[in-house]
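Visitor: Please take me through one part of this structure slowly. I would like to see how that part sits among its surroundings.

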Amino acid sequence: MNAPSPSPVAAKAATPKSKSAGSEAPWRRVVRDFSRSRIAVAALVVLVAIILAAIFAPLIAPQNPYDLRSLNIMDSRLAPGEAGFTGATYWLGTDGQGRDMFSAILYGLRISLGVGLIACSAALAIGLSAGLAAAYFGGRTDTLVMRLVDLHLSFPPILVALILLAVLGRGVDKIILALIVVQWATFARVARATALSERDREYVEAAETLGLGRGRILFGHLLPNCLPPLMVLFTVEIASAIALEATLSFLGVGLSATQPSLGLLIANGFQFVLSGQYWISVFPGIALLILIVCINLVGDHLRDVLNPRNIR
Amino acid sequence: MVYIIRRLMQALFLAFVMSLLVFSGVYAVGNPADILIDPEATQAERLRLITQLGLDRPFHEQYFVFLANIAQGDFGSSFVYNRPALGLILERMPATIELAVAAMILAIVIGLPAGMYAGLRPKSAGGQAIMAGSILGFSLPNFWQAIMLIMIFAVILGWFPVSGRGQVGEFLGIRSSLFTLNGLSHIALPAFNLAIGHMALVVRLARSGVREVQPQDYIRFARAKGLSEKRVVMVHILRNILIPIVTVVGMSFGGLIAFAVVTESIFAWPGMGKLIIDSIRMLDRPVIVAYLIVIVMIFIVINLVVDLLYSLIDPRIRLDGVRR
C-alpha cells in the first residue's frame with residue numbers, strides 16, 4: 001500500500017492538517033476513499049498479484065529458465081499450449097532455447113520491478129533532499145538547484161539515458177544510475193514546489209521559534225507534509241522507469257543478456273515476430289503492458305485521493 | 001535584445017559545459033587509448049597513434065585540442081566505416097528529420113480532428129474510445145507499439161513493408177522518400193509509430209481546447225447568428241484552439257528527434273538514431289562522441305529557438321529573467 005504511514009513524527013508535525021477527519025487517522029480516510037473506485041482497486045489487486053508472483057517466482061515458475069539443465073533444445077519455439085518433448089505443457093509457448101515463456105516472464109518481472117524500485121527510491125531520496133533544500137534555504141541554493149533541474153528537464157529522458165549508457169556501457173548498476181540521473185530532477189521540482197507552499201505555514205514558524213535545528217525542521221517537519229504529492233509521483237515514475245528500462249534493454253544498450261528483463265525478452269522475440277511466432281515477443285509485452293497500466297491507474301487514483309483540496 | 005543576448009550567452013556556456021562533460025566522460029572514465037584506437041591495431045601502431053592523438057599530454061591540453069578539432073569539424077574517423085564520423089552523422093540527418101516531420105504532420109492531421117470530436121461529443125462512444133486510446137498512447141512504451149504495428153500491418157495484413165527507407169525521390173532539390181509511392185509505403189509505419197505519443201498529446205489539447213472555447217460568448221453568438229455547425233466548428237472553434245496546439249507540438253520537435261532512436265532501430269530506418277544504436281553495439285566510439293556532441297548542440301539550438309519564440313509570443317516572459 002502506498003498510503004503514507006503515520007510515523008510518530010508525521011503525526012506530530014501534521015497536526016494542523018490532520019484536524020480534518022476528526023478522530024479518524026488520515027491513512028484510514030485514504031484507504032476508504034481509495035476503495036471507492038472499483039477500477040483502482042482492481043488495478044491494485046492485479047499489481048499486488050504481479051509483485052507477489054515476481055517475488056515468489058522460483059516457487060511458482062514451472063522451470064528455472066536460466067538453469068541450462070532444465071532446458072531442452074527440442075522444445076524450442078513451441079506454440080502456446082503445446083506439450084514439450086518431456087511431456088510438460090507450455091501454456092505460453094517456448095523461446096528459441098526451449099525456455100518456458102511463463103517462467104521467463106516471471107523472472108523478467110523480478111528484474112524489471114527491482115530495477116524500477118531501486119532507481120526510483122534513490123531518485124526520490126536525491127530529488128527530495130535537493131528540492132527541500134532549494135525551497136527552505138532559497139537564494140543561491142534555490143537558483144543553483146533549479147537551474148540544474150531546468151537544464152535537465154529540457155532534454156528528453158531517453159536521450160539523457162542513452163548518452164549515459166553510451167559512455168558507461170551495459171549492466172544493472174549502470175542502468176540504475178542512468179534512471180536515477182534521469183528522474184531525480186522531476187522529484188526535485190515537485191518537492192520544491194510543495195515545500196515552498198508549506199514553508200510559510202505556522203508549524204514551521206513554531207518549530208523555528210522553538211529553536212530547532214535546520215536539519216530537524218527540514219526532515220522532521222517539512223518532509224512529512226510534502227510526502228503525499230511525492231508518493232503519487234513516485235508511483236507514476238516507477239512505471240516510467242520500468243518502461244524506459246525496457247526500451248533501453250530492447251535497444252540493446254540497457255541490461256546485458258545475463259539479466260533478462262521484460263524488455264530484453266521482447267527484444268529476443270522480435271526476430272521471430274516476422275516469421276509469425278508472435279508469442280515469444282507478445283506475451284512478455286502484455287506482461288509489461290499490464291504492469292505499467294496498473295501502476296498508472298493506481299497512481300492516478302492516489303493522486304485524487306491524496307489531493308489536499310479533497311482532504312481539507 | 002538584452003534577453004536575447006543573455007539567452008545566447010547561456011546557450012554558449014551550456015555548450016561548453018556539455019562538451020566538457022562528454023569529453024571527461026569518454027576520455028577520463030575509460031582509457032582513451034582503448035576508446036579511440038581500433039582494438040585490432042598492433043602495438044607499434046598503437047604507440048604512434050597515442051602520440052599522434054596527443055594522449056600522452058596533460059588533461060587540459062587534450063581538452064583544448066579536442067575543442068579545436070571539433071571547431072574544425074574533426075571528430076575522428078569511424079572504426080567500422082573508416083570515414084569521418086561527422087560526415088556519417090550529417091549524411092543520415094535528413095532521413096531522421098524527414099521521419100520527424102512526417103510524424104509531426106500525422107500527429108496533427110489525425111490527432112486534431114479526433115480530439116475535436118472527443119471535445120464536441122464527450123459522452124459518445126467514439127469520444128470515449130478516442131480518450132481511452134490517448135491514455136494507451138501515452139502510457140505504453142513506444143517500442144511495444146512499434147512491434148504491434150509491425151505484427152498487424154506488416155506480418156498479418158501485409159499492407160506495408162517492415163523495414164528500410166524505400167525509394168527516394170527528388171523534388172525541388174530535396175531528396176525524400178515522401179515523393180515516391182514506394183517511399184511513402186515505407187515511411188507510413190515508422191512515422192505513425194513515432195507520431196503516437198504526440199498524437200495523444202494533440203488529442204488531449206484539442207479536446208480541452210474545444211471544451212474551454214465552446215461556452216464562450218463568441219461561439220454562442222456565431223450559433224445564434226444561424227451559422228452552420230460546420231462553419232462554427234471549422235472556423236470559429238478551430239481557429240481559437242489552434243495556436244496553443246501548434247506551439248506545443250512545434251516545440252516538442254526535439255523530443256521527436258530523440259525518440260526517433262527507438263523507431264529507427266525497430267524499422268531499420270537509416271537515420272541518426274539507428275546509427276548511434278549500431279555504434280554503441282559495435283563500440284564505434286568516435287561516432288558515439290560525434291553523435292553526442294551533435295545531438296547536444298541540436299538540443300541547445302532547439303531550446304534556444306523555443307525560448308526566443310516564447311518571448312516573442314508572450315512578452316511577459318522576457319521581463320521575468322529567471323524561468324521557474
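Guide: Start at A:Gly169, which has a positive phi of about 100 degrees and comes just after helix α8(A). Residues are numbered from 1 along each chain as its sequence is written, and chains are lettered from A in the order in which they are written. This is a predicted model, in which local features need pLDDT of at least 70, side-chain atom pairs count only at pLDDT 80 or more, and totals for chains, interfaces and linings use all residues.

Helices here are DSSP runs (H or I, at least four residues), numbered from the N terminus. Helix α8 of chain A covers residues 157-168, and its end C-alpha atoms are 16 Å apart.

A residue is buried if 20 or more other C-beta atoms, placed from the backbone, lie within 10 Å of its own. In α8(A), 9 of the 12 residues are buried, so the helix is largely enclosed by the rest of the structure. Among them are A:Pro157, A:Leu159, A:Leu162 and A:Val167.

Helix α8 also belongs to the side of chain A that touches chain B, where α8, α11, α12 and α13 of chain A each give two or more residues. Residues are in contact if their C-beta atoms, placed from the backbone, lie within 7 Å. The contact takes 30 residues from chain A and 29 residues from chain B. On the chain A side, α13(A) gives the most, with 7 residues.

Methods:
The expected span of a helix is 1.5 Å times one less than its number of residues. Two residues are in contact if their C-beta atoms, placed from the backbone, lie within 7 Å.
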